[in-house]
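Subject: Structure handover

Hi,

Here is the structure for your files. My notes follow below it.

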Amino acid sequence: MSTSIKDNITQVKMRINAAEKKADRTTGIVQLIAVSKTRTANEIRKTYQAGITCFGENYLQEALAKQQSLLDLDISWHFIGPIQSNKTADIANNFAWVHGLDRIKIANRLNDQRNPNTEPLNVCIQINISNEPSKSGIAIEELADFAAVIEQLPRLKLRGLMAIPSPSLSDQQLKLEYHRLYEAKIHLRHSGIDCDTLSMGMSNDLECAIAEGATLVRVGTAIFGPRKNNNSRDTHD
Ligand SMILES: *Cc1c(COP(=O)(O)O)cnc(C)c1O
C-alpha cells in the first residue's frame, strides 16, 4: 500500500468534518471508530499513534489476541460483529461497547456476565433497517418493547441504535433508511429513553450517514485499505 494509515486518517477526518459542516452540525460531534477486523496489532498501534483511540472488531478470538499485545494502549474496544451466546462472557468483559444487540437472551447474558466492578457495558440496538430476512437486527416496529427490556438491565447502558444497510441500495434509498433510523432514535428519546448514539456510516457512505444524524461512524477500508480475506473470516468464530 502506498498511502499510509496516517494519511488515510487525515483524509477520513476531512470527509467527516466536511459532512458535519454541510449538515450544519457541530464540528467534531461525530466519533470515528476504526474497524480493525483482519488487521494486525501493529496496524492498530500505528492507527492509535495517529490519534485514534476507538477500535471496532467483529471476531472475538482475533480481537482478544490483539488486545493482549496492545495492553499498554488506552483503547476503547467496540464489538461490532454478530454475538453468539457462548461468547457473551468474553464480550461482556473485554469491550466497552457492543453495537449489534438484537436478542433479549444475549442482552441478559451480557448483563449477568459484565464485571460488577466496572462501568456498565455501552450497547446499541441493531435495527434491520433494510428489512432483509437473512440479516441481523430487530424490526423497527419491535424497538419500543425491546428497548424497554434493555433499559431494565443495570449492567447495560443503552446508548442508541446501529444499522448496516443493504449494500445494494440506491443513494436515495440509503438516505431514507438512515433517516428512519434517526427518527427511531428521536422516538425513543421522546419515550423517555436517554440515548445519544446513532452508529451508522462506513467507508463508502459516511457522508450520507452524517447528513442524516450519525454520531458515530465505523470506518475500516478507508483507513486500512482493502481487506484481503474478509468473507473467509465470517465463520472464524
Ligand atoms: C467491516 C465493518 C465496517 C467497516 O466497513 P468498511 O466498508 O471497511 O469501512 C463497519 N461496520 C461493521 C459492522 C463492519 O462489519
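What share of the contacts in the protein chain with a separation of 6 or more comes from residues 24 or more positions apart? The share is 59%, where contact means heavy atoms within 4.5 Å.

Some ground rules before the rest. This is a predicted model, so local features need pLDDT of at least 70 and side-chain atom pairs count only at pLDDT 80 or more, while totals for chains, interfaces and linings use all residues. Residues are numbered from 1 along each chain as its sequence is written, and side-chain values use heavy atoms, with hydrogens and water left out.

Overall fold

The protein chain has nine helices and eight strands. These are DSSP runs numbered from the N terminus (helices: H or I, at least four residues; strands: E, at least two). The radius of gyration is 17 Å, close to the 18 Å from the globule rule for 237 residues, so the chain is as compact as a globular protein of that length. That radius is taken over C-alpha atoms, and the rule is 2.2 Å times the number of residues to the power 0.38. Along the principal axes, the C-alpha atoms fill a box of roughly 50 × 40 × 35 Å.

Accessible surface comes to about 11700 Å². Carbon and sulfur atoms hold 48% of that surface. Areas are from the Shrake-Rupley method with a 1.4 Å probe; for residues, only the protein chains shown count as cover. Of the 237 residues, 50% are buried. Buried means under 20% relative accessible area, exposed means over 50%, and partly exposed lies in between (1.4 Å probe, protein chains only).

Salt bridges

The count is seven salt bridges. The rule asks for a side-chain nitrogen of Lys or Arg within 4 Å of a carboxyl oxygen of Asp or Glu. Glu-57, Glu-62 and Lys-66 form a linked network. Glu-57 pairs with Lys-66 at 2.9 Å, N to O. Lys-66 also pairs with Glu-62, at 2.7 Å. Lys-66 and Glu-62 sit four residues apart in helix 3 (residues 60-68), so about one helical turn separates them.

Another bridge joins Glu-212 and Lys-175 at 2.6 Å, N to O. Glu-212 lies in the loop between helix 8 (206-211) and strand 8 (216-219), and Lys-175 is in helix 7 (residues 171-190), so this pair ties together parts 37 residues apart in sequence. Glu-212 is buried at 9%, whereas Lys-175 is partly exposed at 42%.

Cys-124 is in no disulfide either; its nearest cysteine sulfur, in Cys-195, is 8.8 Å away. Cys-54 is buried, with a relative accessible area of 8%. Cys-124 is buried too, at 0%.

Best regards

How values were computed: Disulfide = S-S within 2.5 Å.
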